[in-house]
Amino acid sequence: MRFASFSVGGHFHYGAVTEEGMIALDDGFPQWPTLLDAVRDNALGELEQAAKGRLASHKVFQYEMVLPNASRILCVGVNFPDRNAEYNDGSVQPEYMSLFPRFASGFTGHERPLIRPPESHKLDYEGEVAIVIGKGGRRIAQADAYDHIAALTLCNEGTIRDWVRHAKFNVTQGKNWDRSGALGPWLVPFSDAAQLDEARIQTHVNGELRQDDTLNRMMFPIRREIEYISTFMTLQPGDIIVTGTPTGAGARFDPPRFLKPGDVVEVSVNGIGTLRNTVEDEAL
C-alpha cells in the first residue's frame with residue numbers, strides 16, 4: 001500500500017493511494033495529524049489496516065511534498081562511480097561520503113511544477129531514492145541498518161547549478177531554492193531488502209532517458225549511509241536520507257541541458273513508482 005500527503009481546496013490531508021483516488025485517513029487518527037506523525041509512531045501498518053476495503057474519498061486532489069513538515073533531510077552527493085568521474089578531477093573513490101542538508105521548503109509534490117527562479121536559469125534535475133527512518137538510533141551497524149527504515153519514496157533533487165559554486169566549502173544555497181525539487185509521490189512501506197538491493201533508477205526529461213543505473217552500484221550503499229550518518233547524529237523517526245543520483249544530470253552535457261518551462265521530468269524506480277513534475281518560471 002502507498003501513503004501520500006495531499007490537499008483539497010486548500011485543506012491538507014494524508015491517506016492511502018488507490019487507482020480511483022485517495023482514501024483520506026487523517027480524520028480517523030487525530031493522534032497523528034500528519035503523515036509524518038504516523039511515521040514517527042511506527043503506525044503505517046495501522047493505516048494500512050484502516051484503508052483496507054474502503055473506497056476513495058477524494059478523486060480530485062493535489063499531491064503535496066510527501067512529508068511536508070519533515071524537519072531533517074540529509075542528501076548524499078556524488079555516490080555513483082560515473083558521477084565521480086564526471087568531475088574530471090582525477091580523483092579516486094573518496095573515503096567518506098559527501099553530505100549536505102535540504103529543507104522541506106525546497107520541495108514540491110508529484111504532478112506539481114518545479115520552480116525556476118529569475119536569479120538563475122540553471123535549474124537541473126537529479127533522480128534519487130529517498131529513505132524515511134522509522135526507528136531511531138545512534139551508531140547503527142550496517143547489518144542492522146535496514147531495520148531502521150520505515151518507507152521509501154522518490155526525489156528529484158533539483159539544483160540551481162551556479163549557486164552551488166558561490167562558496168568554497170558548501171552547496172547549501174544551490175540546493176534549497178523554494179520548490180526547486182520534489183519528494184514523492186508517496187511512501188512505500190519498506191519490508192524487503194530487495195526493494196533497495198534490486199532497484200533500478202531512471203530519469204526521463206521530455207521522454208528522453210537521461211539517467212539509468214542500479215542502486216547496487218552506489219559507492220556508499222544505503223546500509224553504509226545509515227551507519228555513517230548515525231555515527232555523528234542520532235537518527236530519529238521521520239528523518240529523510242536522499243541517497244544519491246546517477247550520472248546524466250543536465251549540467252554534465254556539452255553544452256549543458258538545464259530545465260526550462262514546459263519540460264517534464266520523470267523519476268522512476270521499480271517497486272516505488274514514478275515522480276513526475278513539470279517546470280515553470282517563478283511568478284513575481
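Predicted model: local features only at pLDDT ≥ 70, side-chain atom pairs only at ≥ 80, totals over all residues.
Is N206 buried, exposed or partly exposed? With 45% relative accessibility, N206 counts as partly exposed.

R179 is partly exposed, its relative accessible area being 42%. For a glycine example, look just after helix α2: there G53 takes a positive phi of about 80°.

## Two cis peptide bonds

Now look at the prolines. The peptide bond that joins G184 and P185 is cis, with omega about 0°. P185 belongs to strand β13.

Another cis bond leads from D254 to P255, and its omega is near 0°. Here the setting is a loop: P255 lies between β16 and β17 (264–269).

## Helix α5 and its buried side

Take a look at helix α5, which spans residues 222–232. Which of its residues are buried? They are I222, E225, I226, I229 and S230. These residues cover an arc of only 115° around the axis, so they sit on the same side of α5.

What does this buried side pack against? Its partners are the strands β5 (73–77), β6 (98–102), β10 (127–133), β11 (149–156) and β16 (240–242), along with helix α4 (194–197). I222 gives a close-up view: leaving aside neighbours within four places in sequence, I222 is in contact with I131, Y146, I149, L196, L215 and T243.

The largest nonpolar core has 50 residues. Which of them touch the most other members? The answer is I131, I149, L196, I222 and I226.

## Helix α2 and strand β3

Helix α2 covers residues 44–51, and its buried residues are L44, L47 and A51. Seen down the axis, they fall within an arc of 55°, so they line one face of the helix. The buried residues of α2 pack against β1 (3–8), β2 (11–17), β3, α1 (35–40), β11 and β13 (181–189).

A24 is buried, at 13% relative accessibility. Not counting residues up to four places away in sequence, A24 touches F6, Y14, G15, R54, S57 and H58. A24 and F3 are 21 residues apart in sequence, while their C-alpha atoms are 9.7 Å apart in space.

## Aromatic rings and their partners

How many aromatic pairs does the model have? The count is 8 aromatic pairs. In one of them, the ring centres of F29 and W32 are 5.1 Å apart and the planes meet at 25°, so this pair is stacked. F29 and W32 are both buried. Y228 and F232 are arranged another way: their centres are 6.0 Å apart and their planes are at 75°, so the pair is edge-to-face. Both residues lie in α5, 4 residues apart, which is about one turn of the helix. F232 is partly exposed, at 47% relative accessibility. Elsewhere, F6, F61, Y63 and W186 form one aromatic cluster.

R223 lies over the face of Y146, at 3.8 Å from the ring centre. In another example, the charged end of R257 sits over the ring of F253, 4.9 Å from its centre.

Definitions and conventions
Residues numbered from 1 in each chain as written. Heavy atoms only, no water. Phe/Tyr/Trp six-rings, centres within 6.5 Å; stacked < 30°, edge-to-face > 60°. Buried < 20%, exposed > 50% of the residue type's maximum accessible area, 1.4 Å probe, protein only. Helix = DSSP H or I, 4+ residues; strand = E, 2+ residues; numbered from the N terminus. Lys NZ or Arg CZ within 6 Å of the ring centre and 35° of its normal. Core = buried A, V, L, I, M, F, W, Y, C linked by side-chain atoms within 4.5 Å. Contact = heavy atoms within 4.5 Å. Arc of directions from axis to C-beta.
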